[in-house]
Amino acid sequence: MASFTRYLRSLKWTPLPLGVGFAVIAATQYRHTRKREEQRLAAEGAACIARPWEVQVYKLLPLRHFSRFWGWINDIELPLWCRSTVLGSYVRTFGCDMTEAEVEDILQYNSLSSLFRRSLKPSSRPVNAASALTSPVDGTILQAGRVSCGTLHQIKGVTYSLGSFLGPNIWSGVSPDDGATADDSCYHNSCITDPDANELHQVVLYLAPGDYHRFHSPADWKVIHRRHFPGELLSVNPSFAAWIPNLFVLNERVAYIGTWKYGFFSMTAVGATNVGSVKTYFDEDLRTNERCRPSCTFSDKTFEGPGHNFTFSKGAPFGEFNLGSTIVLLFEAPKNSVMSVLPGQKIKMGEALLAPETFTDKTAGSDKDCVHNKGVER
């Protein structure tokens with residue numbers, strides 16, 4: 001205690017620059033102003049969307065550098081004597097159920113990263129055999145329903161463009177200059193192989209830090225194309241998804257595109273703050289969150305020829321995140337398909353996303369809304 005007292009006495013008060021004080025006051029005032037605006041809009045039933053300058057300021061933060069630094073921290077090998085404290089604190093904070101893990105003893109994990117990417121006992125995640133589509137991850141449903149005229153729902157009240165999210169459609173044999181990439185509804189139609197029988201659907205799943213961080217194949221399908229967008233690493237927490245428009249279009253993401261028994265199928269892993277590393281087990285060329293970000297908007301890889309026949313069965317291991325992120329499923333399915341999940345619902349890997357029931361989707365509009373090849377705004 002005497003040593004601690006001497007240490008306190010040795011401290012010297014150093015005045016902060018005047019600009020720092022003004023910055024703190026301005027930030028505090030902005031926070032209060034924004035909170036009042038959110039409350040006002042919530043009372044009116046409207047969404048509080050970030051202004052363009054707010055998004056630009058947010059993008060200026062060194063989130064990619066911070067994510068790489070966090071990745072370095074996660075990979076540090078922990079001495080055996082501190083694993084119980086460090087890893088145990090993480091398990092308790094985020095409610096990780098270690099009884100489901102293939103290795104239950106946290107002392108066997110030598111780093112935070114190895115704990116994040118832990119494998120589970122096969123019996124802990126049975127795959128629903130009756131459903132054609134099952135959850136690829138443990139997480140929370142953000143959106144589930146039919147896609148209307150090329151407009152995707154990021155979260156309630158916030159939308160973004162299908163064409164902007166996936167980029168030019170070259171996998172359907174569509175010519176880049178035929179207008180299918182310029183118009184949302186045309187792009188939408190180019191993704192459907194049988195418009196008389198099928199529609200385009202989406203499921204968006206958010207992985208929290210405490211969730212199981214590996215992702216699996218959600219269906220029996222074949223991957224024919226990979227597109228990597230080296231974008232931003234903004235947070236994909238639902239509160240940010242409700243605030244930042246086009247969040248999933250801005251962020252780094254890896255889209256795997258292919259076919260299943262009903263036609264078009266895609267699964268996109270979206271990166272986020274502290275989740276720059278996205279790894280897939282079969283695609284060794286994939287590199288995410290690189291120090292020198294490519295100047296191109298996206299890069300493509302086509303899986304063709306000998307040794308590139310990547311067909312996945314439902315529930316098969318596919319890849320992994322560090323910490324947590326988002327998976328976006330876009331797929332063609334029969335018009336009478338019904339979602340067996342609702343936004344806000346928690347779900348486990350292998351649980352059903354589609355149920356074989358006739359339904360009318362009341363949340364996404366109908367094909368009759370596509371007038372003159374224009375998407376309607378919801």
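A: A definition comes before anything else. Helices (H or I, at least four residues) and strands (E, at least two) are DSSP runs, numbered from the N terminus. With that, histidine 216 is found in strand β5, residues 214-216.

Q: What are the ground rules for the model and its numbering?
A: Residues are numbered from 1 along each chain as its sequence is written, and side-chain values use heavy atoms, with hydrogens and water left out. This is a predicted model: local features need pLDDT of at least 70, side-chain atom pairs count only at pLDDT 80 or more, and totals for chains, interfaces and linings use all residues.

Q: What does the protein average in pLDDT?
A: The average is 79, and 74% of the residues score at least 70. pLDDT is the predictor's confidence in each residue, from 0 to 100.

Q: Where is the pLDDT below 50?
A: Residues 175-181 are one such stretch, with 9 contacts beyond near neighbours in sequence. Residues 358-378 are also below 50, with 33 such contacts in the model. Contact means heavy atoms within 4.5 Å. Where pLDDT is low, the predicted coordinates should not be read in detail.

Q: Back to histidine 216. Buried or exposed?
A: Histidine 216 is buried, at a relative accessible area of 8%. The cut-offs are under 20% relative accessible area for buried, over 50% for exposed, and partly exposed in between (1.4 Å probe, protein chains only).

Q: What does histidine 216 touch?
A: Not counting residues up to four places away in sequence, histidine 216 touches Pro136, Met267, Gly315, Ala316, Pro317, Phe318 and Met349.

Q: Which residues does the UniProt "active site" annotation cover?
A: In the unreviewed entry, the annotation covers Asp138, His216 and Ser325. They span 188 residues in sequence, yet no two of their C-alpha atoms are more than 14.1 Å apart, so they gather at one spot. UniProt positions are given in the numbering used here, feature names are shortened, and annotations may be inferred rather than shown by experiment.

Q: Where does serine 325 sit?
A: Serine 325 is in the loop between β12 and β13. It is buried, at 0% relative accessibility. The unreviewed UniProt entry also annotates Ser325 as "modified residue: Pyruvic acid (Ser)".

Q: New topic, packing. Which residues touch the most other members of the largest nonpolar core?
A: Ile327 and Phe331 do, in a core of 35 residues. β13 (326-334) gives the most to this core, with 4 residues. A nonpolar core is a set of buried Ala, Val, Leu, Ile, Met, Phe, Trp, Tyr and Cys residues joined through side-chain atoms within 4.5 Å.

Q: What is phenylalanine 331 in contact with?
A: Beyond its neighbours within four places in sequence, the contacts of phenylalanine 331 include Leu133, Trp260, Phe264, Phe265, Met339 and Leu354.

Q: How many disulfides?
A: The structure holds 0 disulfides. A disulfide is a pair of cysteine sulfur atoms within 2.5 Å. Cysteine 82 is buried, with a relative accessible area of 11%, and cysteine 191 is buried at 1%.

Q: Which residues are buried in α5?
A: Cys82, Arg83, Leu87, Gly88, Tyr90 and Val91 are. What covers them includes α6 (112-116). Just after α5, glycine 95 takes a positive phi of about 65°.
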